[in-house]
Amino acid sequence: MATKLFKSVILGAPASGKGTISARIVNTFNLEHISSGDKLRQHIQKNTPIGTEAQKYIKQGKLVPDELMIKFITEEISKVRPVWLLDGFPRTVAQAQALWNIHNLDVALNLVVPFPVIIDRVKGRWVHLPSGRVYNEGFNSPKVPGKDDLTGEPLIQREDDKPEVVQKRLEQYEKLTRPVIEFYREKGILHEFAGNTSDEIWPKVLDCLATYVPLHITTQRQTK
Ligand code: G5P
Ligand code: MG
């Protein structure tokens, strides 16, 4: 009998398109999407204790401590169906090991986008905080400037998208997150997708996942 579970992660540098590609994946394959960054920003907006603690690090472009993140994401995973895609977690080898100890992952996707492309793209990013929907001027512009397409609510620019903070995030990525790619390569579940645009990368991700995601998970959505 086909497994009822599907557990996956998506890796990539800041602004490599994890949120953009994740939205297409979860819509196509009927998966749960847990974006660590989106969840933390929602906590910051609501002034929760987690939000207050996380903001100290996020605004400097630093990673939130492993202990907090592992507990936080483990709890978020327990709230959803066991068919999920984690976006932005794990971000260190300690996080990857902690996740590996608890969950059998099916696949790790890694987006490879050149840094100059990323730095250029961050400048035009607009975000709808409650949903995590992202827009970019010229690529997927909102229908009405400054407003979310579905709710009409205001879009914001992220505090950590300022050029000096983006630079710090890219440094942290090189030092702390790049080794996570090797972690999954050694486990034999890594798939890498290179390109300058999400439209170029998406068909390759789609082909790959079509061979992994059990059909009954995907078709549940179509019968709803
Ligand atoms: P986040 O929120 O996880 P990052 O830095 O990993 O932040 P980010 O910035 O959310 O990743 P993304 O999701 O990879 O980027 O990219 P995206 O939002 O889809 O696309 C970026 C922009 O480009 C958007 O405007 C999009 O519309 C546009 N775009 C996409 N494709 C194209 C294209 O083809 N062409 C063009 N022109 N535009 C395009 O984490 C934030 C912070 O939270 C903490 C850390 O402090 C982190 O810095 N944090 C953690 N700390 C510790 N451990 C963890 N696990 C943590 N998770 C979060
Ligand atoms: Mg994101």
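This is a friendly conversation about a predicted model of a protein chain with a ligand.

User: What makes up the protein chain in terms of helices and strands?

Analyst: The protein chain has 9 helices and 7 strands. Along its principal axes, the C-alpha trace spans about 50 × 40 × 35 Å.

User: How do you know that the radius of gyration of the protein chain agrees with that of a compact globule?

Analyst: We set one value against the other. A compact globule of 224 residues would have a radius of gyration near 17 Å, and the protein chain has 17 Å, so the two agree. As for the interior, 46% of the 224 residues count as buried. The accessible surface comes to about 11,400 Å², and 55% of that belongs to carbon and sulfur atoms.

User: What share of the contacts between residues at least 6 apart joins residues at least 24 apart?

Analyst: That share is 74% in the protein chain. For such a contact, heavy atoms have to lie within 4.5 Å.

User: Let's turn to the ligand. Which residues come nearest to ligand 1?

Analyst: There are 33 residues around ligand 1, and Thr20, Lys62, Arg91, Arg169 and Ser198 come nearest. By type, the shell divides into 12 nonpolar, 12 polar and 9 charged residues.

User: Which helices and strands each supply at least two residues of that shell?

Analyst: They are α1 (18-29), α2 (36-45) and β6 (133-136). The largest share comes from α2, with 4 residues.

User: What makes the peptide bond from Phe89 to Pro90 cis?

Analyst: Its omega is near 0°, and the bond is cis. Pro90 sits in the loop between β3 (83-87) and α5 (93-102).

User: What is the phi of Ala15, and is Ala15 buried or exposed?

Analyst: Ala15 has a positive phi of about 65° although it is not a glycine. This residue is found in the loop between β1 (6-12) and α1. Buried means under 20% relative accessible area. The value for Ala15 is 13%, so Ala15 is buried.

User: Where is Asn30, and why is Asn30 called buried?

Analyst: Asn30 lies in the loop between α1 and β2 (32-35). Its relative accessibility is 2%, and therefore Asn30 counts as buried under the 20% cut-off. Asn30 also has a positive phi, about 60°, although it is not a glycine.

User: How do you know that His128 is buried, and what does His128 touch?

Analyst: His128 has a relative accessible area of 2%, which is under 20%, so His128 is buried. The residue is in strand β5 (residues 125-128). Not counting residues up to four places away in sequence, His128 touches Arg133, Asp148, Thr151, Glu153, Pro154 and Leu155. A polar contact of 2.7 Å also joins the side chains of His128 and Ser131.

User: Why does Asn136 count as buried?

Analyst: Asn136 has 14% relative accessibility, and the cut-off is under 20%, so Asn136 counts as buried. Asn136 belongs to strand β6. Leaving aside neighbours within four places in sequence, Asn136 is in contact with Arg121, Gly124, Arg125 and Ser141.

User: Why is Val144 called partly exposed?

Analyst: Exposed means over 50% relative accessible area and buried means under 20%, with partly exposed in between. Val144 has 48%, so Val144 is partly exposed. Val144 is in the loop between β6 and α7 (163-187).

User: How many residues separate Val144 and Phe29 in sequence?

Analyst: They are 115 residues apart in sequence, and in space they are 29 Å apart, C-alpha to C-alpha.

Key: Residues are numbered from 1 along each chain as its sequence is written. Chains are lettered from A and ligands numbered from 1 in the order in which they are written. This is a predicted model: local features need pLDDT of at least 70, side-chain atom pairs count only at pLDDT 80 or more; totals for chains, interfaces and linings use all residues. Side-chain values use heavy atoms; hydrogens and water are left out. A residue is near a molecule or strand if one of its heavy atoms lies within 4 Å of it. Ala, Val, Leu, Ile, Met, Phe, Trp, Tyr, Cys and Pro count as nonpolar, Asp, Glu, Lys and Arg as charged, and the others, Gly among them, as polar. The radius of gyration is taken over C-alpha atoms; the globule rule is 2.2 Å times the number of residues to the power 0.38. Buried means under 20% relative accessible area, exposed over 50%, partly exposed in between (1.4 Å probe, protein chains only). Accessible areas come from the Shrake-Rupley method with a 1.4 Å probe; for residues, only the protein chains shown count as cover. A polar contact is a pair of N or O atoms within 3.5 Å; within protein, one must be able to donate a hydrogen and the other to accept it, and residues adjacent in sequence count only if both atoms are side-chain atoms.
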